[in-house]
Every structure is written in structure tokens, then in C-alpha cells.
Amino acid sequence: MTLEGRVAIVTGSGGGLGRSHVLYLARKGARVVVNDLSQEATDRVAAEVIAAGGKALAITGSVTDERAVAAMVARVVDDWGRVDILVNNAGILRDKSFAKMSLDDFRLVVDVHLMGAVICTKAVWELMREQRYGRIVLTTSSSGLYGNFGQANYGAAKMALVGLMQTLAIEGGKYNIRVNCLAPTAATQMTEAVLSKESCRVLNPARVSPGLLALISEDAPTRAILCAGAGNFASANVTLTQGYHAGAGQDAGEQVVTHWREVTDRTAEIVPDYGFIQAEREVASTGLTVPVVAVQR
């Protein structure tokens with residue numbers, strides 16, 4: 001499988017997982033844009049790509065800087081004519097228990113992870129719609145999907161990216177824009193403080209990056225959450241159980257408590273195609289068959 005002719009932007013790719021992504025995509029034939037805050041780091045990674053026979057542009061700038069991101073996309077289009085792939089990888093950590101975490105550190109992490117991905121995606125969205133082709137990867141995390149002590153800010157931002165993916169995949173569908181999430185586990189400068197030495201050895205970022213191919217290829221899925229680490233790949237899903245209908249009686253709360261096992265029974269759970277499926281099923285449980293959404297936007 002090849003990415004010949006494709007142009008990919010990878011944010012936060014001056015080192016660690018982003019560098020691994022760039023080198024992998026370049027080996028598959030893509031022309032790659034190395035983006036990070038450090039000119040030295042981006043130049044070094046771009047030079048690695050070029051030395052191996054690939055094509056690369058080194059462009060510095062923060063993902064939170066709308067002008068810098070717009071200028072980056074404009075330069076890529078000027079040089080290479082298009083943007084096919086965007087891998088939103090840039091991120092930071094400011095770990096502390098919620099009781100000790102400042103609001104500034106909470107905002108900073110959300111700004112880089114969530115708003116940084118929004119700004120970069122917005123910068124390529126219309127271009128991808130016009131060319132009727134786009135592959136966007138948002139980097140989520142098990143900390144967002146399942147929680148981790150000391151990462152309330154990081155987890156909130158990472159789960160927000162799943163919500164962003166769900167809607168962008170729906171809105172981009174008719175333009176052949178496919179949007180997916182990657183939940184990596186990799187030993188990088190950002191994670192070395194929380195991983196053991198033995199784990200760091202097998203959690204090489206290079207064992208994560210091959211998972212990108214499934215998310216950005218011609219036949220890529222959309223709305224997938226791929227968990228990757230140490231060469232192992234799994235899928236995570238946001239599901240909905242069949243539930244229990246308590247009705248409109250005054251004892252509805254007591255019924256929910258009493259029937260909690262039925263409320264949470266995962267036997268026939270589904271992965272909804274869109275958010276209003278929850279409302280549709282809830283209305284249908286009352287016996288009504290009318291459409292839930294009166295106006296389609």
C-alpha cells in the first residue's frame with residue numbers, strides 16, 4: 001500500500017511520536033510537512049526524510065496560532081498544490097491532581113490539544129471539501145477514554161477530540177473526508193516520566209505509527225478510534241445499551257435505581273451512527289413513531 005502523490009501535515013513532529021509518524025508516512029511515499037515549535041527540530045526531521053529519498057518541508061509555528069497555521073497551509077498549497085492528510089499530533093502535559101491543578105494549566109492543555117486540533121483542521125477543511133478528499137487523524141488517549149489519575153485537563157481535552165471526530169466525520173462524509181482518532185501508547189519525552197524503563201523499550205513510537213495507514217488510506221474507515229502501542233492494535237467504541245424504560249411516573253428515579261442492572265446491561269449494546277439515535281430510541285420506547293428531529297440542518 002502506498003501514499004504516493006499524497007501530501008501530509010503532521011503537527012508536533014519535531015521529535016517523539018510525531019517524528020515517527022513523519023518518517024513512516026515518508027517511507028510510504030507521502031510528501032510530508034514537519035511542524036513544531038523548534039526550527040532546529042523541524043529541520044533535523046525534514047533532513048532525515050530527504051536523506052532517505054523523501055520530500056519534506058520544515059515549518060515552525062504553534063498549533064494555537066491561527067495566523068501561523070494558515071500561513072503553513074498556504075505555503076504547502078503553494079509548494080505542493082494540495083493537502084490530503086492532517087495528523088493532529090501536537091500536545092503537552094501538565095499533570096497534577098485536580099485539587100492541586102491550576103485553572104491556567106487546565107486551560108493551557110485544552111488549548112493545545114483541543115483548540116490546536118480545531119485550528120489546524122479548520123485551516124484544511126475547505127480545501128479538502130473542494131478537492132473532495134481528506135484524511136484527518138485526531139490524537140486521543142486512554143486518559144480521555146477511560147481516565148487517569150492526575151490528568152483531568154489532558155483527559156478532558158482528549159475525550160473532547162473524540163466528540164469532534166464524531167461530528168466532523170458526519171459533516172465531511174459526502175466530501176470524502178474521513179476523520180478518525182488514534183489513541184497511542186508510546187515512550188516519548190512527554191511520557192517518559194510515567195512509564196517504566198522496561199515499558200519504554202517495547203513502547204517505541206515506531207510501533208504505533210503503522211496504525212496510521214489504516215486511518216488515512218484510500219479505503220480508510222471514518223469515526224474509528226484506533227488504540228496502538230508496542231505493535232498491538234485495538235478498537236475502542238462509544239456504545240449505547242438497550243436501557244430500561246421507566247416512564248413518566250413520580251417513581252421514575254426509584255425505578256432507575258431498582259433496574260440499574262438492566263440500564264447498564266451491555267448484552268445488546270450498539271455503536272450509534274449519530275447522536276440523535278439516543279433520542280430516537282428514547283422516544284420510540286414511549287410508543288411514538290414521529291421523527292425526533294423536526295428540521296434537518
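A search of the whole structure, which is a predicted model, finds one aromatic pair, where rings of Phe, Tyr and Trp (its six-membered ring) are paired if their centres lie within 6.5 Å. The pair is formed by Phe98 and Phe106, with 6.4 Å centre to centre and 75 degrees between the planes, and is edge-to-face; planes over 60 degrees apart are given that label, those under 30 degrees count as stacked and the rest as tilted. Phe98 counts as exposed because its relative accessibility is 61%, whereas Phe106, at 22%, counts as partly exposed; buried stands for under 20% relative accessible area, exposed for over 50% and partly exposed for what lies in between, with a 1.4 Å probe and protein chains only.

The ring of Tyr133 has the charged end of Arg6 over it, 3.8 Å from its centre, and the charged end of Arg135 also sits over the ring of Tyr133, 4.3 Å from its centre. A charge is taken to sit over a ring if NZ of Lys or CZ of Arg is within 6 Å of the ring centre and within 35 degrees of the ring normal.

Helix H3 (residues 66–80) has 15 residues and reaches 21 Å from its first C-alpha to its last, close to the 21 Å expected at 1.5 Å a residue, the expected span being 1.5 Å times one less than the number of residues. Helices (H or I, at least four residues) and strands (E, at least two) are DSSP runs, numbered from the N terminus. Val69, Met72, Val73, Val76 and Trp80 are buried in H3. They cover an arc of only 90 degrees around the axis, judged by the directions from the helix axis to the C-beta atoms, which puts them on the same side of H3. Arg67 and Asp78, on the other side of H3, are exposed.

The buried residues of H3 pack against strands E1 (7–10), E2 (31–36) and E3 (56–60) and against helix H4 (103–131). One of these buried residues, Val73, has a relative accessible area of 8% and, leaving aside its neighbours within four places in sequence, is in contact (heavy atoms within 4.5 Å) with Ile9, Ala123 and Val124. The C-alpha atoms of Val73 and Ile9 are separated by 8.7 Å, although the two residues are 64 residues apart along the chain. After H3 comes Gly81, whose phi is positive, near 85 degrees.

Residues are numbered from 1 along each chain as its sequence is written. In this predicted model local features need pLDDT of at least 70 and side-chain atom pairs count only at pLDDT 80 or more, while totals for chains, interfaces and linings use all residues, and side-chain values use heavy atoms, with hydrogens and water left out.
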